[in-house]
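I opened this notebook to record what I looked up in the structure.

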Amino acid sequence: MTSDPINDSHCHFFSPAFFSALGRQRGGDAQDASRICRELEWEDPGTPDALADRWARELDAHGVGRAALIASVPGDEDSVASAVRRHPGRFVGFFMLDPSAADAPERVRRSLTERSLRAMCLFPAMHRVPLDDDRTLRAVEAAAAAGGVVFVHCGFLSIGVRRRLGLPSPFDLRLGDPLALSRLALAFPRVPFIVPHFGAGPFREALMAADACPNVHFDTSSSNGWIRYQPGLTLDAVFQTALAVLGPSRLIFGTDSSFFPRGWQRPVFDLQTAILERIGVSQEDRALVLGGNFERLFPGKES
Ligand SMILES: [Zn+2]
């Protein structure tokens with residue numbers, strides 16, 4: 001029953017540079033990764049290579065084939081690139097981009113070519129750059145030219161680690177409108193777009209965007225706590241509706257796993273596979289959602 005390959009399209013790579021960047025954002029003296037991890041009671045990632053090995057062992061332990069690792073702060077592309085170099089058959093590299101950075105298009109180009117990363121991640125609410133802003137368009141153009149995938153966080157955005165560290169998060173949630181994304185996705189019809197967490201709140205608008213744009217995909221990741229914004233909505237109904245509108249080829253399994261020792265979020269997998277079973281999804285469609293669509297979007301470069 002679980003013999004189909006499982007790939008996880010949404011894991012965060014919390015590297016030493018990630019923690020150091022958060023430390024710097026908090027100000028004060030140079031706060032190294034170990035110190036922040038002690039404060040959070042999380043495992044110190046050590047080096048990017050050690051963290052890559054930790055992830056590979058974790059995937060092995062859960063029978064997961066491949067995973068997308070997201071560099072979760074702008075400028076941390078090198079950490080994920082080294083993880084991908086170390087385990088090219090297991091990891092696909094994503095990176096967070098702030099399109100307001102002066103060198104954003106060049107950074108995108110280098111990440112997708114020289115660093116062999118595969119997807120650029122935009123967080124318009126966090127970086128406060130609208131999806132129809134020229135800076136966003138330039139970044140997506142660069143991603144398109146390099147054959148990259150574009151991940152766009154829409155809807156509600158809250159970053160647990162920022163809250164835990166007392167970092168301010170003045171996000172402008174208006175900018176995560178899936179209808180604005182649909183305009184962007186229509187302008188780049190050959191670029192695959194991934195919207196995490198089924199749109200993370202504005203579900204109807206996310207469905208409309210995906211219906212209008214055959215290049216828009218949803219990832220299923222996280223506990224999808226946003227469903228509480230819509231009275232009576234269940235995750236079963238979310239899966240059922242998404243499958244009815246997008247079809248089985250545009251829904252991509254993910255967990256939103258991030259730190260250790262918690263590791264890979266098996267409860268997300270268990271819940272979502274139970275839902276697929278309950279709503280009567282065929283074995284063939286289930287295989288696409290759990291692994292096949294990931295392989296199509298991110299074909300392995302290793303034999
Ligand atoms: Zn995430």
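I note at the outset that this is a predicted model.

Entry 1, helix pair. I looked up how α9 and α10 are oriented. Helix α9 covers residues 178–187 and helix α10 residues 203–212, and they pack at an angle of about 15° with their axes 8 Å apart. Angles under 35 degrees count as roughly parallel, and α9 and α10 are therefore roughly parallel to each other. The crossing of α9 past α10 is right-handed. I listed the contact residues: α9 contributes Pro-178, Leu-179, Ser-182 and Leu-186, while α10 contributes Glu-205, Ala-206, Met-208, Ala-209 and Ala-212. By class, this contact has seven nonpolar residues, one polar and one charged.

I asked which residues coordinate the zinc ion. The donors are His-10 (NE2), His-12 (NE2) and Asp-256 (OD), at 2.1 to 2.2 Å. Their spacing in sequence is H-x1-H-x243-D. I then checked accessibility: His-10 is buried, with a relative accessible area of 2%, and His-12 is buried at 13%.

I found a cis peptide bond from Phe-260 to Pro-261, with omega near 15°. Pro-261 lies in the loop between β8 (251–252) and α12 (266–278).

I also found a positive phi, near 55°, at Arg-128 and a phi near 55° at Asn-224. Arg-128 sits in the loop between α6 (124–127) and α7 (134–145) and is partly exposed, at 47% relative accessible area. Asn-224 sits in the loop between β7 (216–219) and α11 (235–246) and is buried, at 1% relative accessibility.

Notes. Residues are numbered from 1 along each chain as its sequence is written. This is a predicted model: local features need pLDDT of at least 70, side-chain atom pairs count only at pLDDT 80 or more; totals for chains, interfaces and linings use all residues. Side-chain values use heavy atoms; hydrogens and water are left out. Donors are N, O and S atoms within 2.8 Å of the metal (3.2 Å for Na, K and Ca); water is not among the atoms, so sites may look incomplete. Buried means under 20% relative accessible area, exposed over 50%, partly exposed in between (1.4 Å probe, protein chains only). Axes are lines fitted to C-alpha atoms, for helices over the stretch in contact, and angles run from 0 to 180 degrees between N-to-C directions. Helices (H or I, at least four residues) and strands (E, at least two) are DSSP runs, numbered from the N terminus. Angles under 35 degrees count as roughly parallel, over 145 as roughly antiparallel, 65 to 115 as roughly perpendicular and the rest as oblique. A crossing is left-handed if the near helix is turned anticlockwise from the far one by less than a right angle, and right-handed if clockwise. Contact means heavy atoms within 4.5 Å. Ala, Val, Leu, Ile, Met, Phe, Trp, Tyr, Cys and Pro count as nonpolar, Asp, Glu, Lys and Arg as charged, and the others, Gly among them, as polar.
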